[in-house]
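User: I would like to go through one model step by step, with a helix and the pockets as topics. Please show it to me.

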Amino acid sequence: MSQATGIAERLAWIGVDWGSSNLRAWAMADDGQVLARAGSERGMLALTPDDYEATLLATIGDWLPDDGRVPVRVCGMAGARQGWREAAYLPVPTRLDDLARGAVRPAVEDPRLDVALLPGLCQYPDDAGRRFDVMRGEETQLAGLAAREGEVSGPVCLPGTHAKWARLEAGAVTRFATFLTGELYGLLAGQSVLLHSLHHGPGEDDLAEPGCREAFVAAVQEVAAAPEAFSTRLFGLRAQDLLDGGLPTGQARGARLAARLSGLVIGLELAGARAVLAEGERVTLVGAETLCSRYALALEALGIDCRRLDGEAAVLAGLGLAHAALAHDAHTPDTRPEP
């Protein structure tokens, strides 16, 4: 029996996290076991609505049985307005075990596919201090946290290109904020005057190296104590490269300065986020191990306790929660008109 045949015989449903630049897919058994993983670099930005089904089949087609319908639960940018079909944002506050009520089903030609696109979350200004904001994909990771821990409450940080900070209360998202931290780092490291100091390439600092670790922690603490000095601290990084004889040479020099830049942008984010943390409150970090470790070090430097949940485990638990909800309503047609 081939591996593909074995997967098809045990396949219960498929989970997909479809981002702007790539997609990840998991073949799931009834007991929650991951039977196989697959991916593609064809994210939302590279596709038109007519491309999605073919891209999905190219990624997961080997898993599908010859007949029957397989549930495919998709979170992320495939449900954006410019994606496969829009799954309209649900406004906060919203319960994380109720995301499936906003799912939509795009038209498909392959009769084996039963595709449901999950919604994102949105937020509008109000007297409670909320501001305009949106998320797509992260809400499913938050739902995975709720699926694992029930009526979970407290602050959750999801680091990334656009880092999200969400407030959970009894299993519901009540408010959230987005920080452009990862994108800001990329722009500064690759397109500003700092490029000349980080000539080895952005993102190659190693926080296991004591000099980089110390530079990162010091930068976090400096900018968190004086956020208004962020811009001058940035240029100071360039000046340090030109004048500081104590810096190492070569790639080690660029790595040390990259670690400082990383600390400055993450420290600025934490300066904003900690303003809404209660005294002694513990932050839950959800995401990739490397980035969560960096944020854990930054939070520790500011005296903030945290714990971590793996991002893949979270998204699979969230997709599984939505799959279970949709399975109860499998015979209810989606009557909303195509956009």
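Analyst: This is a predicted model, and we can begin with what covers a helix. Among the elements that cover the buried residues of H5 are helix H6 (230–243), helix H7 (250–273) and helix H8 (289–301).

User: How far apart should the ends of helix H5 (residues 210–225) be, and what is found?

Analyst: Helix H5 has 16 residues, and at 1.5 Å a residue it should span 22 Å.

User: Which residue caps the N-terminal end of H5?

Analyst: At that end, the backbone nitrogen of Gly 211 has a side-chain oxygen 3.1 Å away.

User: Which element gives the largest share of the lining of the largest pocket?

Analyst: The largest pocket holds about 970 Å³ of space, and 30 residues line it, with Gly 19, Arg 136, Glu 138, Gly 160 and Thr 161 nearest its centre. Elements that give two or more residues to this lining include strand S1 (13–18) and helix H3 (138–149). The largest share, three residues, comes from H9.

User: Which strand gives the most to the lining of the second largest pocket?

Analyst: The second largest pocket has about 340 Å³ of space, and the closest to its centre of its 19 lining residues are Trp 165, Arg 175, Phe 176, Ala 177 and Val 276. Strand S11 (163–169), strand S12 (172–179) and H7 each supply at least two residues. With five residues, the element that gives the most is S12.

How values were computed. Residues numbered from 1 in each chain as written. Predicted model: local features only at pLDDT ≥ 70, side-chain atom pairs only at ≥ 80, totals over all residues. Heavy atoms only, no water. Helix = DSSP H or I, 4+ residues; strand = E, 2+ residues; numbered from the N terminus. Expected span 1.5 Å × (residues − 1). Contact = heavy atoms within 4.5 Å. Polar contact = N/O pair within 3.5 Å; in protein donor to acceptor, adjacent residues only side chain to side chain. 1 Å grid on protein atoms, 1.4 Å probe; cavity = no way out; pocket = protein on both sides within 12 Å on 5 of 7 lines; lining within 4 Å. Points joined across faces, edges and corners; volume = space filled by probe spheres on them.
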